[in-house]
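Here are some friendly notes to read beside the model.

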Amino acid sequence: MQLMIILDGTIVTVALPTIQNDLDFSQGGLSWVVNSYLIAFAGLLLLSGRLGDLIGSKKVFLAGLVTFTLASLLCGVATNQEMLIGGRFLQGVGAALASAVVLGMIVGLYPEPAEQAKAMGIYSFVSAGGASIGLIAGGVITDALGWHWVFLINLPIGAIALVAGIKLLSATSGLGLRAGADAIGAVLVTAGLSLGVFTISQVSEDHYSAAELGIYGAVSVVLLIAFLVRQAKAARPLLALRIFRNREISGANIAVVLVFSAGFGFQFLNALYLQRVLGFDSMQTGLAFLPAPLVIGTMSLFFTAKLTARFGTRRVLLTGLLFLGGGLLLLSRAPVDGNYWVDVAPTLVIQGFGMGLTVPSVIMRAMSGAAPADAGLASGLNNTAQQAGAAVGLAVLATVATSRSNTLLSEGTAQIQALRDGYSLAFVFAAGFVFLAWLVTFFVLRDTAPAAGAGAGESAPGSPEETVRDTTVKTVVVH
């Protein structure tokens with residue numbers, strides 16, 4: 001299932017320009033092919049995790065797998081914008097159901113620490129491999145068969161995973177539905193986030209007046225405030241607000257939101273830059289992206305844990321953020337007639353190096369600040385921060401790029417130059433998100449000394465660096 005989720009994220013990115021042409025999406029509207037997925041994913045993660053506790057992880061996982069696979073079929077046969085966006089939303093529902101319980105299932109299947117470490121290593125390899133495969137496969141499939149098949153490829157993978165899941169996964173009894181889940185809270189947070197992202201994405205469009213967008217934005221804020229009020233009063237909240245009293249958890253999750261805002265928005269816009277400005281086809285775009293996930297996977301799997309064991313997560317995180325932000329600033333300088341090997345590939349290597357240091361380190365900090373009793377809550381909050389950050393960041397950066405390009409076009413600038421300048425400004429904004437995360441890390445998070453006796457290649461049992469191998473390596477790539 002994890003392979004399918006990661007594969008879907010990257011394979012769709014490469015196919016976006018072709019989808020835009022075929023279904024006549026505007027650039028702002030095109031972002032909803034991604035945002036509709038992210039909104040459902042982010043909004044339902046907390047509720048999905050609770051459902052796993054209530055009715056059993058296996059049932060929730062299989063329900064998510066079936067939902068995701070059937071939604072992929074709907075996307076694959078889509079003939080208009082509404083069908084595709086609706087199918088993507090349902091894919092997000094399925095991804096939330098499955099992702100919310102999968103790490104807990106791995107821990108249950110492999111209770112011994114050594115076995116867990118191996119299982120998490122395989123899980124991480126699948127995540128990094130899925131991103132790389134998706135980038136290449138997206139281009140090959142789009143060019144050879146058409147964009148519909150980037151979704152239909154999920155059908156055989158989903159069928160195999162379903163059969164394996166039914167046969168291999170052990171059923172677990174949950175607490176029972178009478179124990180309760182905060183469905184009202186899930187509705188409030190999903191509706192508030194959806195309306196907020198929609199409002200941001202429409203700023204550069206001509207469909208709504210400034211007053212109308214102001215009203216939509218205000219309603220979004222009210223819904224999110226209502227969610228927080230609900231969580232403060234609910235007997236069994238999706239998000240216990242007491243967790244925000246922990247400075248480490250709050251600061252680390254703010255950094256997570258900012259990092260994923262930059263990372264996902266960059267991936268979306270860079271695909272458009274490569275195709276719209278440099279003239280790459282889908283296959284070339286997929287291959288062009290490869291340096292980043294390869295470097296991210298290498299750093300995350302083999303080096304970051306050793307570096308954090310020796311220098312501490314805060315120092316590694318600060319270093320990674322500088323590389324990531326610097327890479328984005330360098331990419332913003334890429335010209336209209338840019339050379340891939342000179343203007344793009346080096347920036348992807350730098351960003352990959354930075355992301356490979358940043359993502360595992362920031363997740364370690366978010367998880368290590370939680371008490372054992374709050375580990376599940378911290379994990380759910382972290383997953384939600386990742387997906388919410390990706391959705392909002394994509395909407396903001398796409399809006400920035402579109403607004404800048406439209407302004408330049410109205411002033412008589414050539415279209416390709418206007419597109420390039422729009423993407424360039426968005427990359428600068430993305431770098432701004434990263435440097436804000438650096439400031440949060442520097443001023444909010446405290447130094448934690450490396451565990452005594454932990455060398456460059458080992459972590460002390462129970463340390464934050466050891467915790468990451470048992471909690472979340474799932475986001476070694478921004479999918």
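1. Which residue's side chain meets that of Arg230 in a salt bridge? The partner is Asp182, with 2.8 Å from N to O. Please keep in mind that this is a predicted model. The pair links distant parts of the chain: Arg230 belongs to helix 9 (residues 210-233), while Asp182 sits in the loop between helix 7 (154-168) and helix 8 (183-201), 48 residues apart.

2. The structure holds three salt bridges, and another of them joins Arg365 to Glu248, whose closest N and O atoms are 2.4 Å apart. This pair, too, links distant parts of the chain, with Arg365 in helix 14 (residues 340-368) and Glu248 in helix 10 (residues 247-277), 117 residues apart. Arg365 is buried at a relative accessible area of 1%, and Glu248 is buried at 13%.

3. For a bridge between sequence neighbours, look at Arg420 and Asp421, where the closest N and O atoms are 2.7 Å apart. Arg420 is buried, with a relative accessible area of 16%, and Asp421 is buried with a value of 16%.

4. While you have helix 14 on screen, find Thr347, which has its place there. Thr347 is buried, with a relative accessible area of 4%. Leaving aside residues up to four places away in sequence, Thr347 touches Gly327, Leu330 and Leu331.

5. Now to the rings: how many aromatic pairs does a search of the whole structure find? The search finds nine. One of them is Trp147 with Phe151, an edge-to-face pair at 6.3 Å centre to centre and 90 degrees between the planes. Trp147 counts as buried at 2% relative accessibility, and Phe151 is buried at 0%.

6. Why is the pair of Tyr340 and Trp341 called edge-to-face? The ring planes stand at 75 degrees, and the cut-off for that label is over 60, so the pair is edge-to-face; the centres are 5.0 Å apart. Tyr340 counts as buried at 11% relative accessibility, whereas Trp341 counts as exposed at 66%. Together with Phe280, Tyr340 and Trp341 form one aromatic cluster.

7. Finally, a charge and a ring: Arg88 lies over the face of Tyr37, at 4.7 Å from the ring centre.

How values were computed
Residues are numbered from 1 along each chain as its sequence is written. This is a predicted model: local features need pLDDT of at least 70, side-chain atom pairs count only at pLDDT 80 or more; totals for chains, interfaces and linings use all residues. Side-chain values use heavy atoms; hydrogens and water are left out. A salt bridge is a side-chain nitrogen of Lys or Arg within 4 Å of a carboxyl oxygen of Asp or Glu. Helices (H or I, at least four residues) and strands (E, at least two) are DSSP runs, numbered from the N terminus. Buried means under 20% relative accessible area, exposed over 50%, partly exposed in between (1.4 Å probe, protein chains only). Contact means heavy atoms within 4.5 Å. Rings of Phe, Tyr and Trp (its six-membered ring) pair if their centres lie within 6.5 Å; planes under 30 degrees apart count as stacked, over 60 as edge-to-face and the rest as tilted. A charge sits over a ring if NZ of Lys or CZ of Arg is within 6 Å of the ring centre and within 35 degrees of the ring normal.
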